[in-house]
Amino acid sequence: MAERGAHLTTAAPADEDRPSIFEVLAQDSLMGAVKPALLHAVKILATSNPARYGFLWRRFDEIYAILDMLLQHHFLSRTSASFSENFYGLKRVSSGADGTRAAHLGLRRRQHWRSLLLLALLPYLHTKLEKVLARQREEDDFSIRLPQSFMQKLYRAFLAAYPFVCTAWDGWVFCQQLLYVFGKTRTHSPLLWLAGVKLSYLTANDIHGLDLKPSGPALSPSQSFVEKFQHLVSTAVGGVAVSLSTSLSMGVFFLQFLEWWYSSENQSTVKSLTSLPTPPPPLHLHNQETSPTHIKVCPLCRKVRTNDTALATSGYVFCYKCIYVYVKANHRCPLTGYPSGLQHLIKIYSPDG
């Protein structure tokens with residue numbers, strides 16, 4: 001059995017620089033463990049202090065996409081590999097005749113930008129699309145369907161077809177990996193095929209070239225203002241990328257631990273540790289005489305509530321229309337700032353209603 005399975009971990013003699021399936025899958029999962037861990041850390045910060053850190057939670061996808069693009073651009077330019085590929089001693093080489101290009105020279109311009117877009121921009125668009133579709137499904141559950149226009153029907157059809165598109169993509173990825181195991185293809189992922197590259201091991205010459213590569217050309221008095229500005233911007237971007245890569249390299253094993261700790265097996269523990277605290281009662285209830293009319297005032301419109309609706313994350317009661325519009329636009333409680341969604345709205349029925 002060991003002899004029959006040996007081809008899964010060792011490459012064929014004609015392709016000795018081809019990584020094993022376990023190595024390429026490990027580098028794929030590395031960056032997949034970074035984002036959930038950072039997202040959870042930002043969630044804790046936003047919950048503890050919404051006024052100061054709430055924007056990090058609301059704009060996490062955009063901030064992460066920008067930092068990820070800077071990081072991947074730095075590594076693609078200097079090592080011909082993404083951060084996770086470089087961490088495992090791999091590099092990207094052209095699928096064509098340019099496969100012997102040294103790693104420290106970076107990828108060709110077209111392959112560089114293709115790789116950068118597929119590494120950083122495509123995951124961001126996929127995340128935003130998933131959130132839009134999830135929000136649309138929630139609105140459909142809590143709304144009455146009215147007669148639809150042609151564009152709305154087309155949008156509904158896209159929502160219905162999207163799961164099948166995802167299934168087809170997952171099937172393509174699985175077939176690509178299976179063909180890679182048996183040596184029938186040079187790439188394990190369709191994204192590498194679209195970028196026109198394949199993965200290979202770093203050679204001794206590559207490592208030597210990376211160690212000797214200078215940080216960049218020095219400034220000279222003869223350079224124009226535009227050239228000096230471009231150099232300063234490039235240096236600043238490179239410094240940010242180096243700081244990110246150093247932090248990730250030091251914390252990668254800790255992030256792997258976080259991925260296990262916050263997995264589905266530990267959800268009950270995580271929920272008990274990160275549950276939102278119970279908000280204190282309004283101060284005016286202790287200092288003023290409250291009448292039935294005052295108790296039924298909506299905190300948003302300052303009028304007597306109609307169609308009472310409670311927000312589960314904070315416990316406050318509003319008019320349904322007021323809190324629906326606010327939560328849909330801001331995704332938080334208007335009084336406490338706790339992150340909230342439409343699924344947290346609870347209709348209150350009075351006995352005489």
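A disulfide is a pair of cysteine sulfur atoms within 2.5 Å. In this predicted model, a search of the whole structure finds 0 disulfides.

**Cysteines**
- The cysteine sulfur closest to that of Cys 298 belongs to Cys 301 and lies 3.8 Å away, which is too far for a bond.
- Cys 301 is likewise in no disulfide, its nearest cysteine sulfur being that of Cys 298.
- Cys 298 counts as buried because its relative accessibility is 0%, whereas Cys 301, at 27%, counts as partly exposed.

**Helix α1**
- Helix α1 covers residues 21–48.
- Its 28 residues should span 40 Å at 1.5 Å a residue, and the end C-alpha atoms are 42 Å apart, so the two values agree.
- The buried residues of α1 include Ile 21, Val 24, Gln 27, Leu 30, Met 31 and His 40.

**Contact of α1 with α6**
- Two packed helices are described by the angle between their axes and the distance between the axes.
- For α1 and α6 (residues 150–181), the angle is about 145° and the axes are 10 Å apart.
- On the α1 side the contact involves Ile 21, Val 24 and Leu 25, which meet Gln 177, Tyr 180 and Val 181 of α6.
- This contact has 5 nonpolar residues, 1 polar residue and no charged residues.

**Ser 84**
- Ser 84 is part of helix α4, which runs over residues 83–87.
- With a relative accessibility of 4%, Ser 84 counts as buried.
- Leaving aside residues up to four places away in sequence, Ser 84 touches Gln 27, Leu 30 and Met 31, which are among the buried residues of α1.

Key: Residues are numbered from 1 along each chain as its sequence is written. This is a predicted model: local features need pLDDT of at least 70, side-chain atom pairs count only at pLDDT 80 or more; totals for chains, interfaces and linings use all residues. Side-chain values use heavy atoms; hydrogens and water are left out. Helices (H or I, at least four residues) and strands (E, at least two) are DSSP runs, numbered from the N terminus. Buried means under 20% relative accessible area, exposed over 50%, partly exposed in between (1.4 Å probe, protein chains only). Contact means heavy atoms within 4.5 Å. Axes are lines fitted to C-alpha atoms, for helices over the stretch in contact, and angles run from 0 to 180 degrees between N-to-C directions. Ala, Val, Leu, Ile, Met, Phe, Trp, Tyr, Cys and Pro count as nonpolar, Asp, Glu, Lys and Arg as charged, and the others, Gly among them, as polar. The expected span of a helix is 1.5 Å times one less than its number of residues.
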